[in-house]
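Here's a quick briefing to read alongside the structure. It starts with salt bridges, then moves on to a helix and to model confidence.

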Amino acid sequence: RVQLARWMLQQNQPLAAKEELTEVLRSYDAQEAHDLLARAEMLIRAQANDSTRNSNAKESGANSSRPTMDQPGLPTHRLSPDDVNIVKVFEVNFQRPPRMEASPDLAKKIIAKYATNNLVPADPEARKAMESWTPDQLLKLLFALKARELYQDIKVQGEPIALELFHRRVHDNWLIPNCSTSRCHGGIGAGNFFMFSTDYRSERTRYTNLMILLRSPPLKGKPPLIDFEHPDQSLLIQYARPRIDAKFPHPDIPGWKPMLVSGRESLLNDALLWIRGMHQPRAEYPIDYTPPSFKDAREKGAGNEPDR
């Protein structure tokens, strides 16, 4: 029944999941059921808020280009859809490739620009055959050529496996409901480490939060938030452990509680799987993005998202 509830959440049916989990918890005290119930209730609240905003927008005839999710005094700058696609491109795992689509003239573009490269077939018939290559075949060639200017000609419609793990098992499962709340790193007290919590289900928000984790500078004397050489030492992991068990314990502040506790080993395992599943060796995404801080928001003011 717990697995059924998890499936209901994946199908965006939090009310049904809540009913199922409530029945489970009446007779069986399972930590996973508690975790899923908290997630279901969060989704129910988010859907209610979305419904209210949509209703208000219709009543007022609102047609503003500024997202309703932006809140006064907080950063607003998220990755663009093209940025999101580039992150996906870089993280494609060819053993389990996601759904992809290549622009119809990509093979011709490759031949036109890299005709003299030994990696590009020289035979006319072989070059003609490139036009029927699958998207993953073309992407492998682009990687080999290091033809970054053509990466956007591949549109990744699904999610690479590592990014799906981050999405389902880290970002939505415990990062958003625990670390990115308005009382923590998602509000005015976020300090120099801010994460977006509103509209968290959108790809732009999720991949922006991923970029923040990857690009935030390490604290003095601490490992990076995501340590690819030693994933279990990642500060994100360490800060989610009980203070007594952590090599780098989270500051003792009111309201903080550990997530990676005894009985929730699957959360830790999934987080480590995500980090280890990201492409190695690491390459810097060709994306112009600097993680925001609450200081930035105060200096620049809200709603100043640049046109990307």
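Glutamate 32 pairs up with arginine 6 in a salt bridge, and their closest N and O atoms sit 2.3 Å apart. Glutamate 32 belongs to helix H3 (residues 31–60) and arginine 6 to helix H1 (residues 2–10), so this pair ties together parts that are 26 residues apart in sequence. Keep in mind that this is a predicted model.

**The glutamate 32 pair and the overall count**
- The structure holds 12 salt bridges.
- Glutamate 32 is partly exposed, at 32% relative accessibility.

**Helix H5 and the loop between H7 and S2**
- Lysine 109 makes a salt bridge with aspartate 153, with 2.8 Å between the closest N and O atoms.
- Lysine 109 is in helix H5 (residues 106–114), while aspartate 153 is in the loop between helix H7 (135–145) and strand S2 (154–156), so the bridge links parts that are 44 residues apart in sequence.
- Lysine 109 comes out as partly exposed at 32% relative accessibility, whereas aspartate 153 is buried at 12%.
- Lysine 113 forms a salt bridge with glutamate 149, and here the closest N and O atoms are 3.3 Å apart.
- With lysine 113 in helix H5 and glutamate 149 in the loop between H7 and S2, this pair ties together parts that are 36 residues apart in sequence.
- Lysine 113 has a relative accessible area of 53%, so it passes the 50% cut-off and counts as exposed.
- Glutamate 149 is partly exposed at 40% relative accessibility.

**Helix H11**
- H11 covers residues 265–277, which is 13 residues.
- From first C-alpha to last, H11 reaches 18 Å, close to the 18 Å expected at 1.5 Å a residue.
- The buried residues of H11 are Leu267, Leu268, Asp270, Ala271, Leu272, Trp274 and Ile275.
- As a reminder for reading that list, an α-helix has 3.6 residues a turn, so residues three or four places apart point the same way.

**Model confidence**
- The protein chain has a mean pLDDT of 83, and 82% of its residues reach 70 or more.
- Residues 57–68 have pLDDT below 50, and beyond near neighbours in sequence this stretch has 3 contacts in the model.
- Residues 296–308 also have pLDDT below 50, and that stretch has 26 contacts in the model beyond near neighbours in sequence.

Definitions and conventions
Residues are numbered from 1 along each chain as its sequence is written. This is a predicted model: local features need pLDDT of at least 70, side-chain atom pairs count only at pLDDT 80 or more; totals for chains, interfaces and linings use all residues. Side-chain values use heavy atoms; hydrogens and water are left out. pLDDT is the predictor's confidence in each residue, from 0 to 100. Contact means heavy atoms within 4.5 Å. Helices (H or I, at least four residues) and strands (E, at least two) are DSSP runs, numbered from the N terminus. The expected span of a helix is 1.5 Å times one less than its number of residues. Buried means under 20% relative accessible area, exposed over 50%, partly exposed in between (1.4 Å probe, protein chains only). A salt bridge is a side-chain nitrogen of Lys or Arg within 4 Å of a carboxyl oxygen of Asp or Glu.
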